[in-house]
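Subject: Structure handover

Hello,

Here is the structure I said I would pass on. My notes on what turned up in it follow below.

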Amino acid sequence: MVKKYCAFGGCKTLVNLNQRYCDKHKPKQQHVSKTSDYANKIHSSSRWRKTSQLYREANPMCEQCLKASKEAGKRAGERAGMINLATSVDHIKSLADGGSAYDWNNLQSLCSFHHSLKSQAEREQKK
């Protein structure tokens, strides 16, 4: 069978023609919701990828970090915390609860820390 080099820069591993990367350099799997097939369908769409990218470009900082920093700055003598870059775009009202998938009023940029906190709180709330 005819093979080609892995598309990862500098990798000399041969892969089948129908593959792009070797096992070592395969991209991580896209976000997979454990709660909703509908959410998985939205998150795997090109419309969501474009919406997410545009929103993150317009709001590059974690909105929860910014909110915490502003609240800390209002209290006398208290230092504001670290503000992180956003790593994901999150639905404020989850898709499973009927939140709008592409409405910017239902989106927020979050760092991995705040996204994990929110996801954990949502999971505990559903129990």
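Apart from neighbours within four places in sequence, Tyr38 is in contact with Leu95 and Ala101. Leu95 is 57 residues away from Tyr38 along the chain, yet their C-alpha atoms are separated by 7.8 Å.

Please keep in mind that this is a predicted model. The mean pLDDT of the protein chain is 85, with 87% of its residues at 70 or more. Confidence is highest in S4, at 96, and lowest in helix H3 (residues 63–74), at a mean of 82.

Both contacts of Tyr38, Leu95 and Ala101, belong to the largest nonpolar core. At least two of the core residues come from helix H1 (37–43), and at least two from H2. As a general point, nonpolar side chains in soluble globular proteins tend to be buried together.

A second case is Lys12, which lies over the face of Tyr5 at 5.3 Å from the ring centre.

How many aromatic pairs are there? The count comes to 1. The pair is Tyr55 with Trp104, edge-to-face, with 5.0 Å from centre to centre and 80° between the planes. It links distant parts of the chain, 49 residues apart: Tyr55 is in helix H2 (residues 46–58), and Trp104 is in the loop between strand S3 (88–91) and strand S4 (107–110). Are the two partners buried or partly exposed? Tyr55 counts as buried, since its relative accessibility is 5%, while Trp104 is partly exposed at 39%.

Last, the strands. S3 and S4 pair in the antiparallel sense over 4 bridges, and Asp90 has Gln108 in S4 as its bridge partner. From S4, Leu107 and Ser109 point one way and Gln108 and Leu110 the other, and all are buried. In a regular strand, side chains alternate between the two faces of the sheet.

Regards

Note on methods
Residues are numbered from 1 along each chain as its sequence is written. Side-chain values use heavy atoms; hydrogens and water are left out. Rings of Phe, Tyr and Trp (its six-membered ring) pair if their centres lie within 6.5 Å; planes under 30 degrees apart count as stacked, over 60 as edge-to-face and the rest as tilted. Buried means under 20% relative accessible area, exposed over 50%, partly exposed in between (1.4 Å probe, protein chains only). A charge sits over a ring if NZ of Lys or CZ of Arg is within 6 Å of the ring centre and within 35 degrees of the ring normal. Two strands pair if DSSP finds at least two bridges between them. A nonpolar core is a set of buried Ala, Val, Leu, Ile, Met, Phe, Trp, Tyr and Cys residues joined through side-chain atoms within 4.5 Å. pLDDT is the predictor's confidence in each residue, from 0 to 100. Contact means heavy atoms within 4.5 Å.
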